[in-house]
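Q: I have a model open and want to go through it piece by piece. Can you take some questions?
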Amino acid sequence: MSEAAVIYARYSSDRQREESIEGQIRVCKDYARRNGLTILHTYVDRAMTGRTDRRPEFQMMIQDAATQNFEYVLVCKLNRFARNRYDSTKYKHKLKKYGVKVVSAMENIANDSSGILLESVIEGMAEYYSAELAENVMRGMTENALECKWTGGPVPLGYKLDESHHLIIDEPNAVIVRKIYQMVLDGHTPATIIRELNQHHYLTSTGRPFSYSSLRSILYNERYTGTFIWHKIRKPNAIPPIVDDKVFQAVQEKLKYNKENHIKKCSDNYLLTGKLYCGLCGSKMSGTSGTSKNRTSYYYYTCTKHHQKDGCHLRNVRADILEDIVCEQITRILSIPEAVKAIAKQAIVVQQQKKVSLVIQSLKNQIADANKKLQNCVQAIESGLVSDTIINHVQSYEKRLKDLKAELSREELLDGDTELTEEHIEFFFYSITRKLKTANKYKSILLSSLVRCVIIYDEYVEIQYNYKYELPILQNPVQIGSSYLQSMVIHPRLELGTP
């Protein structure tokens with residue numbers, strides 16, 4: 001009765017392809033035929049390095065050996081089994097306990113002390129080759145880096161590679177990067193930035209939705225100023241800048257200041273972020289928080305220059321009081337039927353003049369990008385380059401295309417076929433004003449719908465709206481305490497609760 005054996009074949013990504021597997025299996029089968037061995041199974045790891053034992057088929061083979069159904073593991077050469085002497089010794093010892101021996105089909109190794117010596121030398125050479133290859137790769141990458149060529153890995157958002165692998169600006173995505181930096185300077189919280197980016201269906205350089213990690217990698221990436229960086233190589237003005245150096249430094253200082261002063265931010269507490277301006281210096285105002293002696297948290301809006309002690313003396317304002325004031329004034333306007341009708345008429349005019357929405361255009365761009373990546377994978381497979389990684393990419397791109405096309409259909413339906421009427425809009429304002437006290441999200445919807453900006457002065461608040469309508473001046477302004485604040489022309493004076 002012939003002895004049983006299995007074949008293990010592997011190729012890494014260094015100049016080897018699927019044909020390498022076929023050759024290894026052919027050599028092992030020929031060896032088995034000449035030595036009277038019966039092949040029970042073939043284990044194959046594609047595009048997997050031998051420097052690590054994290055190979056699925058390899059680990060499956062080791063587990064199957066415990067069943068003691070075979071006596072030999074045939075490999076074309078010992079470096080297919082492992083290129084790391086520690087792994088080679090470890091797993092050969094484990095197989096030996098199961099009564100299984102590793103045999104090289106192409107290397108004539110005697111089963112005695114000289115054979116052990118030869119096997120050790122071969123394994124040492126394999127490990128040396130692997131280390132030498134890594135050094136050569138590193139050397140090649142270093143040479144590329146010295147010429148400011150991209151050395152591999154995901155290209156930063158906003159850049160793409162030219163034919164010689166130099167970074168050049170990818171303008172549609174560069175706009176997203178500039179937007180992120182500006183939003184930080186404007187006082188937006190990370191949660192607000194991430195939410196807005198994902199609402200617009202923007203993606204990271206790896207094709208995923210934004211997260212805190214991906215946002216952080218953009219905000220701290222000095223490459224955006226034109227500096228090429230790779231390990232210890234650093235070359236200023238070597239690539240096209242996306243962000244001005246002054247903007248980058250201002251963002252770093254803001255991030256550092258927030259970290260050092262433990263400034264806590266919560267997007268749910270700052271409904272006017274991005275719409276609030278200092279009337280004294282013109283800077284945007286952002287949200288910040290503080291804690292009283294009894295550990296009660298308070299949320300404020302503060303002028304950027306005042307916060308950085310840059311010459312502006314505008315005092316902080318309580319976020320909740322200011323937001324309530326603005327919502328109250330909007331509610332009073334919406335209680336006037338003529339005003340609601342005027343706003344509804346203007347919204348209908350805008351609807352009739354609308355263009356393709358940015359969301360739809362973004363989805364179409366993403367579909368084109370996913371299609372291109374999918375076709376590249378298909379071409380790679382057709383040319384004979386098959387691996388689990390490529391197959392997984394194909395499945396991922398196909399699923400993404402399906403999801404994107406479904407999302408595009410929904411957006412086009414909403415954008416094209418659903419026409420709002422004046423009655424729809426009037427009912428919307430009626431409904432939203434009734435729900436203002438139930439959750440902050442309704443306040444946020446109302447503010448984003450009607451308020452263009454709010455300007456804070458020492459004596460009053462000016463509210464500018466997204467519509468045009470002349471309202472009568474409201475009578476009997478309210479006075480609370482010794483401080484007076486009013487929105488220009490149409491709103492009463494109110495105290496704002498400054499600390």
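Q: Cys-148 first: buried or exposed, and why?
A: This is a predicted model. Cys-148 counts as buried because its relative accessibility is 10%, and buried means under 20%.

Q: Where does Cys-148 lie?
A: Cys-148 is in the loop between helix 5 (113-146) and strand 5 (159-161).

Q: And what is phi of Cys-148?
A: Phi of Cys-148 is near 60 degrees, which is a positive value in a residue other than glycine.

Q: Which other residue has a positive phi without being glycine?
A: His-165 is one of them, with phi near 70 degrees. His-165 is found in the loop between strand 5 and strand 6 (167-169).

Q: How does His-165 count by accessibility, and why?
A: His-165 counts as partly exposed because its relative accessibility is 42%. That class lies between the buried limit of 20% and the exposed limit of 50%.

Q: What is the lining of the largest pocket like by class?
A: The lining has 16 nonpolar, 14 polar and seven charged residues.

Q: Now the whole protein. How many helices and strands?
A: The secondary structure comes to 16 helices and 14 strands.

Q: What share of the residues count as buried?
A: Of the 499 residues, 40% count as buried.

Q: And what is the accessible surface?
A: The accessible surface of the protein is about 28600 Å², and 52% of that belongs to carbon and sulfur atoms.

Q: Last one, on contacts: what share join residues at least 24 apart?
A: The share is 63%, taken among contacts between residues at least 6 apart in sequence.

Note on methods
Residues are numbered from 1 along each chain as its sequence is written. This is a predicted model: local features need pLDDT of at least 70, side-chain atom pairs count only at pLDDT 80 or more; totals for chains, interfaces and linings use all residues. Side-chain values use heavy atoms; hydrogens and water are left out. Helices (H or I, at least four residues) and strands (E, at least two) are DSSP runs, numbered from the N terminus. Buried means under 20% relative accessible area, exposed over 50%, partly exposed in between (1.4 Å probe, protein chains only). Contact means heavy atoms within 4.5 Å. Accessible areas come from the Shrake-Rupley method with a 1.4 Å probe; for residues, only the protein chains shown count as cover. Ala, Val, Leu, Ile, Met, Phe, Trp, Tyr, Cys and Pro count as nonpolar, Asp, Glu, Lys and Arg as charged, and the others, Gly among them, as polar.
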